[in-house]
Amino acid sequence: MLKLENITKYYGDFLAVDKLTFEVKEGEIFGLLGVNGAGKTTTFRMIMGLLEPSDGSVTLDGKKIDYSVTDKIGFLTEERSLLTKMTVKEQCLFYGTLKGMSEDKILSRLKELLEKFEISEYYDKKIKELSKGNQQKIQFITAIINEPKLLILDEPFSGLDPFNVELFKSEIVEMAKKGSIIIFSSHRMEHVELFCKKLVVLKNGKPVLEGELSDIKEKYRKKNILVKGDIDLDKIRTLDGVIEIIEKPLEFEIKIDNIEVAENVFKIVSKGKNVTKFDVVEPSLNEIFIAKVGESYEK
Ligand code: ATP
């Protein structure tokens with residue numbers, strides 16, 4: 001288990017992370033989120049043992065994280081760190097050796113992963129000759145070559161097309177199923193929602209939202225109703241608890257204060273014509289974020 005207890009980081013007088021506490025168990029994918037400058041990179045670095053916390057502790061299975069556990073850790077940073085003059089094979093040998101793997105093990109794992117990501121033909125190609133998306137795949141492969149127990153993924157899907165996003169996603173889910181502890185960070189809330197049952201959202205180094213995604217949504221209480229048909233929007237607008245109606249290209253989205261309001265909306269919608277849809281749905285994480293943090297999560 002990864003455990004952060006009250007970790008705090010000051011840069012001089014500036015408080016970048018303020019008593020952050022959470023734990024992530026084997027097999028869990030945990031979302032560590034926040035606006036730019038919220039303290040995510042600082043937290044990642046403290047988890048990796050690259051930055052000493054001013055206070056508090058980080059442990060993996062009860063032990064402090066330092067160089068002795070490098071072989072158990074994988075990290076995909078937002079700043080890409082490929083050695084572009086090297087070939088794919090040389091690159092992986094370099095990183096794999098740093099993680100204490102034998103050459104045979106590195107090369108067999110590399111071949112398996114290149115096949116999985118459908119880029120076996122790049123084995124002997126220089127990194128700089130690869131497209132941005134394929135470089136991203138190599139970066140991911142170097143992060144997971146040692147089958148890390150703890151994997152930190154910062155914006156892992158940037159630069160990938162939807163097909164390759166799916167390939168990455170299934171690999172991440174598979175790693176979690178095999179027992180890895182995964183910390184996932186992204187500004188793309190739709191990815192976070194798919195992956196992370198638990199998360200923390202930081203603002204100025206402090207959590208503004210934390211816990212199970214389902215609890216966060218339940219506590220938020222507000223709901224959205226999706227309706228297709230010719231309905232009396234003006235009448236719906238006058239109902240207590242109706243916050244806003246958004247007219248989308250194919251449907252209306254009626255934002256309501258709580259689930260009880262849905263019944264009154266339904267009474268009006270049922271008198272409409274050609275009604276083919278009435279769905280009460282949870283607000284998206286992005287919507288909750290905007291409400292809680294006061295700015296959009298999307299970059
Ligand atoms: P982003 O999403 O933009 O990458 P972040 O959430 O990763 O942001 P951090 O890089 O952890 O944020 O920075 C948190 C705060 O600490 C910011 O206000 C930043 O300016 C400050 N900070 C980061 N590194 C240092 C440093 N070495 N010295 C002083 N202040 C720093």
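Trainee: Which residue is the bridge partner of Val227 in strand 13?
Mentor: That is Phe252. Keep in mind that this is a predicted model.

Trainee: What makes strand 11 and strand 13 a pair?
Mentor: Two strands pair if there are at least two bridges between them. Strand 11 (residues 223-230) and strand 13 (residues 252-256) are joined by 5 bridges, so they meet that definition. They run antiparallel.

Trainee: Where do these two strands sit in their sheet, and why are strand 12 and strand 14 said to stand at the edges?
Mentor: The order is 12-13-11-14 in an open sheet of 4 strands with antiparallel pairing. Strand 12 (242-247) and strand 14 (273-281) each have a single partner strand, so one side of each lacks a neighbour in the sheet. From one strand to the next, the twist averages 20 degrees.

Trainee: How do you know which side of helix 9 is turned inward, and what does that side pack against?
Mentor: Buried means under 20% relative accessible area, and the residues of helix 9 that qualify are Val261, Ala262, Val265, Ile268 and Val269. Their arc around the axis is only 120 degrees, which puts them on the same side of helix 9. They pack against helix 8 (233-237) and strands 11, 12, 13 and 14. The helix itself, residues 261-269, runs at about 170 degrees to strand 14.

Trainee: Which residues have the most contacts inside the largest nonpolar core?
Mentor: Leu2, Phe22 and Ile183 do, in a core of 77 residues. Helix 5 (residues 162-177) gives the most to this core, with 6 residues. Another core lies apart from it, with 15 residues, among them Leu233, Ile245, Ile256 and Val265.

Trainee: What does Leu2 touch, and what counts as a touch?
Mentor: Heavy atoms within 4.5 Å count as contact. Leaving out residues up to four places away in sequence, the partners of Leu2 include Phe22, Val58, Leu150 and Ile183.

Trainee: How far apart are the C-alpha centres of domain 1 and domain 2?
Mentor: They lie 41 Å apart. The domain assignment gives 2-216 for domain 1 and 223-282 for domain 2.

Definitions and conventions:
Residues are numbered from 1 along each chain as its sequence is written. This is a predicted model: local features need pLDDT of at least 70, side-chain atom pairs count only at pLDDT 80 or more; totals for chains, interfaces and linings use all residues. Side-chain values use heavy atoms; hydrogens and water are left out. Axes are lines fitted to C-alpha atoms, for helices over the stretch in contact, and angles run from 0 to 180 degrees between N-to-C directions. Domain bounds come from an automatic or database domain assignment. A nonpolar core is a set of buried Ala, Val, Leu, Ile, Met, Phe, Trp, Tyr and Cys residues joined through side-chain atoms within 4.5 Å. Buried means under 20% relative accessible area, exposed over 50%, partly exposed in between (1.4 Å probe, protein chains only). The arc is that of the directions from the helix axis to the C-beta atoms.
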